[in-house]
Amino acid sequence: MLDPTLLDRAAGLDAADPLAQHRKLFLGTDDDAVRSYLDGNSLGRPLTSVVGSLTSFVEGQWGGRLIRGWDEGWLTLPEQIGDQLGRVALGADAGQCIVADSTSVLLYKLARAAVAARPERTEIVIDRDNFPTDRFLVEGIARERGLTLRWIEVAYDGGATPADVAAVVGPETALVLLSHVAYRSGYVADVPAITRIAHDAGALVLWDLSHSVGSVPAELDAWDVDFAAGCSYKYLNGGPGAPAWAYVAERHLDTLDQPILGWLGSADPFAMGSAYQPAPGIRRLVSGTPPIVGMLAMRDMIDLIDEAGMDAVRRKSELLTAFAVEAVDEVLAPYGVVIASPRVAAERGGHVTIDHPAFPAMVPELWQQGIIPDYRNPDGIRLGLSPLSTSFHEVALAIDAIAEGLAGHRAAGR
Ligand SMILES: Cc1ncc(COP(=O)(O)O)c(C=O)c1O
Ligand SMILES: Nc1c(O)cccc1C(=O)C[C@H](N)C(=O)O
């Protein structure tokens, strides 16, 4: 039932894509068993170069240098990769980004540091559709610190707007915690406007960039952001469980009061001293031993993004999501599929969410056919389009397979 016009259009878009040649740098893109991988917003594909990077690290550095490796660059790798990421994808000057922990742990540390910096204030603002970890951790912090949560309700195809934030922030707001790109709808928040509104109320802002980093450019310094953090295994292709990254604006570095005081965030760890003195700069956000092996894959991907250019990556991402929206309207809307993401490309991140009651039953069938989108409760398929590794052809194949699945379900009266 493959729709020839859809495939033709995809072929034209792939032929005109200036970034198309990067796709073959990823492992598995020539594997016929996976015909369409649209889950790069949850777990990005590995770059083929990572096999060599990991092997040479194990053989040359870990195996060859052994414990000496810590003094020969491993200890400062978190700052080094942080600086590189800041320059390539985050609009952050050196000295403000670091790789460490998981996103959940970094968000917790930064949220706790933010409320500690506003001790007289009693409220945290967050939206009801933020990712579960973000909501859960502020619930925990509110319990620990006797604070109140102010919830913003958002549209199912949107996210928190500047007007939403202006309506709830005030003299009691210590912290506003929001996502740059919403994990479900893909809505892109107006970070500079919301940050300004929060600052005007005297509050601090923590942005979760998990679904934007490496796909939607950020300008954290220019936007006057206080704190940010995000995942490295999505569009940064760091691999399952790769450590996260965090940003702390320079003006907060000297006073940052994070709650997990560990030896490797102290000023002189090998003195094994009796009292904690924070390390200077972004290092004070560190608690324990940096997960060096876990940082190697993302470094290769940041290099590739640097080569391609973040603006070109975003341009391709907008074209991919626009093609997906167009195809859904033409091929899937007649089956009752609804788009749960913004319709304007500039308001969308790298994924498009579509809803239909048959999707929960259909997703395992799609995976069996080598069509791998993402499923999110209750009945959403997320089409996660990773600009450097996803082709327009993959989008067409997925839309077609979803149409076939819906036709089958309809015929079976399900
Ligand atoms: C928006 C967002 N925030 C936080 C997380 C949590 O990251 P982690 O499981 O690495 O702590 C995720 C993904 O799992 C996410 O999508
Ligand atoms: N981190 C994940 C995991 O360990 C297992 C499965 C999925 C994930 C994800 O990253 C989910 C992703 N953050 C989301 O937006 O749904």
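## A tour of loops and helices

Start by selecting Pro378, which sits in the loop between β12 and β13. Helices (H or I, at least four residues) and strands (E, at least two) are DSSP runs, numbered from the N terminus. Before moving on, note that this is a predicted model in which local features need pLDDT of at least 70, side-chain atom pairs count only at pLDDT 80 or more, and totals for chains, interfaces and linings use all residues. Residues are numbered from 1 along each chain as its sequence is written, while chains are lettered from A and ligands numbered from 1 in the order in which they are written.

Now show the backbone at Pro378: a cis peptide bond links Asn377 to Pro378, with omega about -5 degrees.

Next, select 359–368, helix α11. Which of its residues are buried? They are Phe359, Met362, Val363 and Leu366, where buried means 20 or more other C-beta atoms within 10 Å of a residue's own, exposed means 12 or fewer, and partly exposed lies in between, with C-beta atoms placed from the backbone. Just after α11, Gly370 has a positive phi of about 80 degrees.

Then jump to α9, residues 292–308. Its 17 residues should span 24 Å at 1.5 Å a residue, and the end C-alpha atoms, 25 Å apart, agree with that; the expected span is 1.5 Å times one less than the number of residues. Buried residues here include Met295, Leu296, Arg299 and Asp300. Among the elements covering the buried residues of α9 are α2 (49–65), α3 (77–90), β2 (97–100) and α10 (310–332). Just past α9, Gly309 takes a positive phi of about 95 degrees.

Two last stops are worth a click. Most residues other than glycine have a negative phi. Met272, in the loop between α8 (250–253) and α9, has a positive phi of about 50 degrees although it is not a glycine. Is Met272 buried or exposed? With 8 C-beta neighbours inside 10 Å, Met272 counts as exposed. Finally, select Asp224, in the loop between β6 (204–208) and β7 (227–230). Asp224 is not a glycine, yet its phi is positive, about 65 degrees; it counts as partly exposed, with 16 C-beta neighbours inside 10 Å.

Conventions. Two residues are in contact if their C-beta atoms, placed from the backbone, lie within 7 Å.
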